[in-house]
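Dear colleague,

I am passing on the structure we spoke about, and I would be grateful if you could read the notes below with it open beside you.

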Amino acid sequence: MVEVEFADGRSFHLSAEFLRVYSPAADSKIRSVGGEKVIFGRRHIGIMSAESIGNYGVRILFDDLHKTGIFTWDYLHHLGSNKFSLMRSYIRTLRKHGLSRDPQRRK
């Protein structure tokens, strides 16, 4: 979980899963399903580190080694302000394609 506070007095608690799913970077671990880009199986993902990128934003290193996205402060504010509708949309997309938030079991 990450807590982000803004000068307007708003603060948001954003889960690692939510941030990973809405990472602003293109990623090879995204599955294309019916033309939609869908990240799945990240319910238990963790954050290994976060690095400030000047006054611009933050780069987050997730424990699946994804680290190419830079979360601008504006984007983090957008994510926090729309967290519930974005998460509902994500879950609907997973259900639509028969995918899960849980990691796939190894065979």
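Ile47 stands opposite Phe62 in β6, and in this predicted model β5 and β6 pair in the antiparallel sense over 6 bridges. These two strands belong to an open sheet of 3 strands, ordered β5-β6-β7 with antiparallel pairing, in which β5 and β7 are the edge strands, each pairing on one side only, and in which the twist from one strand to the next averages 30°. Across β6 and β7 lies α2, which runs at about 75° to β7.

Phe18, once its neighbours within four places in sequence are left aside, is in contact with Leu79, Lys83, Leu86 and Met87.

Two loop residues also deserve a mention. Arg42, in the loop between β4 (36-38) and β5 (47-53), has a relative accessible area of 14% and is therefore buried, the cut-off being under 20%; its side chain makes a polar contact with the side chain of Asp64 at 3.1 Å. Leu65, by contrast, lies in the loop between β6 and β7 (70-72) and counts as exposed because its relative accessibility is 59%, where the cut-off is over 50%. Although Leu65 is not a glycine, it has a positive phi of about 75°.

Technical notes. Residues are numbered from 1 along each chain as its sequence is written. This is a predicted model: local features need pLDDT of at least 70, side-chain atom pairs count only at pLDDT 80 or more; totals for chains, interfaces and linings use all residues. Side-chain values use heavy atoms; hydrogens and water are left out. Helices (H or I, at least four residues) and strands (E, at least two) are DSSP runs, numbered from the N terminus. Buried means under 20% relative accessible area, exposed over 50%, partly exposed in between (1.4 Å probe, protein chains only). A polar contact is a pair of N or O atoms within 3.5 Å; within protein, one must be able to donate a hydrogen and the other to accept it, and residues adjacent in sequence count only if both atoms are side-chain atoms. Contact means heavy atoms within 4.5 Å. Two strands pair if DSSP finds at least two bridges between them. Axes are lines fitted to C-alpha atoms, for helices over the stretch in contact, and angles run from 0 to 180 degrees between N-to-C directions.
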